[in-house]
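Have the sequence and the model open as you read.

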Amino acid sequence: MSQLDDLKKFTTVVADTGDIQSIQEFKPTDATTNPTLIMKAAEMPEYKDLIISAVEYATKNGSNDEEIMDLCITKLFVRFGMEILKIVPGRVSTEVDAHLSFDTKATIDKAHQIIKLYEEHGIDRKRVLIKIASTYEGIQAAKQLETEGIHCNLTLLFSLTQAAHVAEANATLMSPFVGRILDWHKKEQGVDSIPAVDDPGVHSVTGIYQYLKKFDYKTQVMGASFRNKDEITELAGCDLLTISPALLKELEQSSDPITQKLNAEEAKNAAIDKLVIDELHFRWELNEDAMATEKLAEGIRSFNADTNKLREFIAKNYNLAKV
């Protein structure tokens, strides 16, 4: 038995990639994508046909250059999602454009467009998670979408206050980040490494998991953004973990035993106070957390930059206007 086999006993394993071949290799239950992953995949020759089909669809249905490019990007994300759903038995996460992260209405509208594109191809909305940044506006969008049967995955989540508000919004899933928290603390402390048992990212996800289980929230916790496999094994028992192909391979090649570290029943006995849920407390508590504030803003900028790279790549290589 490999570590990957052991991990699957405690946790739903999700592939964090847009590379369909990697998903076929590791046979995860679900898969997640983001603009960075789609950009990497789009540069691979084997996915050229997906881009061509998105360009053709957008050219036919868009009314001006800006609308055509926007529709092309959205359609491409959906086309990758459709291919992934042919392989995984569960769900795929498809991300809303990062530049909409502070616009509740625009986020809802984009989610509707994404679901419509999936449903036009016979994909049940139950198999799609709309991935939204964990800003206050994004969380409010998810709250509305969940009432419509559109399930959401709140990403770029770095703090307990974000997690508590996402849970109160009844989101289906949240993706608290591990590695990016580690990155921040290594830089802050001026060190090259921190052991997994002391990893601030691991501790953050553990605390979020315990909070949700303590207060019986239905929202599931999916640890994300790992830098090494020890972070993953320290979170064995988390509802889900989304893992890159490189780390999936490391887990598959190791036979070291894994023990369950997170347990819902044990979390119910944790000494945790419930947070106040409102906009004032959200904004103040996030502001007081320098790491979460910085990493949230940085993540939004990074995803937006990669979407812009994708737009430029398509404009250059597929004869669309650069907008």
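A word on classes before we start: Ala, Val, Leu, Ile, Met, Phe, Trp, Tyr, Cys and Pro count as nonpolar, Asp, Glu, Lys and Arg as charged, and the others, Gly among them, as polar. Also keep in mind that this is a predicted model.

With those classes, the lining of the second largest pocket comes out as seven nonpolar, three polar and two charged residues. Among the residues lining this pocket are Phe-102, Tyr-136, Glu-137, Phe-282, Arg-283 and Ile-300. Helices α7 (136-147), α14 (279-288) and α15 each put in at least two residues.

Now for the largest pocket. Its lining has 30 residues, and Asp-16, Asn-34, Leu-37, Lys-40 and Ser-244 sit closest to the pocket centre. The top contributor is α3, with four residues. Others that supply at least two each include β5 (152-157), β8 (240-243), α12 (245-253) and α15 (290-317).

Here are the volumes:

| Pocket | Volume |
|---|---|
| Largest pocket | about 500 Å³ |
| Second largest pocket | about 170 Å³ |

By class, the lining of the largest pocket splits into 11 nonpolar, 13 polar and six charged residues.

On to the packing. The largest nonpolar core holds 104 residues, and Ile-130, Ile-243 and Ile-314 touch the most other members. Helix α5 (residues 65-85) gives the most to this core, 12 residues. A second, separate core has five residues, including Val-14, Leu-129, Leu-173 and Met-222.

Which residues does Ile-314 touch, leaving out those up to four places away in sequence? They are Ile-51, Val-55, Met-69, Cys-72, Ile-73, Leu-76, Asn-319 and Leu-320.

Notes
Residues are numbered from 1 along each chain as its sequence is written. This is a predicted model: local features need pLDDT of at least 70, side-chain atom pairs count only at pLDDT 80 or more; totals for chains, interfaces and linings use all residues. Side-chain values use heavy atoms; hydrogens and water are left out. A nonpolar core is a set of buried Ala, Val, Leu, Ile, Met, Phe, Trp, Tyr and Cys residues joined through side-chain atoms within 4.5 Å. Buried means under 20% relative accessible area, exposed over 50%, partly exposed in between (1.4 Å probe, protein chains only). Contact means heavy atoms within 4.5 Å. On a 1 Å grid over the protein atoms alone, a cavity is a set of points where a 1.4 Å probe fits but cannot get out, and a pocket is an open set with protein on both sides within 12 Å along at least five of seven lines; lining residues have an atom within 4 Å of a point. Grid points are joined across faces, edges and corners, and a volume is the space filled by probe spheres set on the points.
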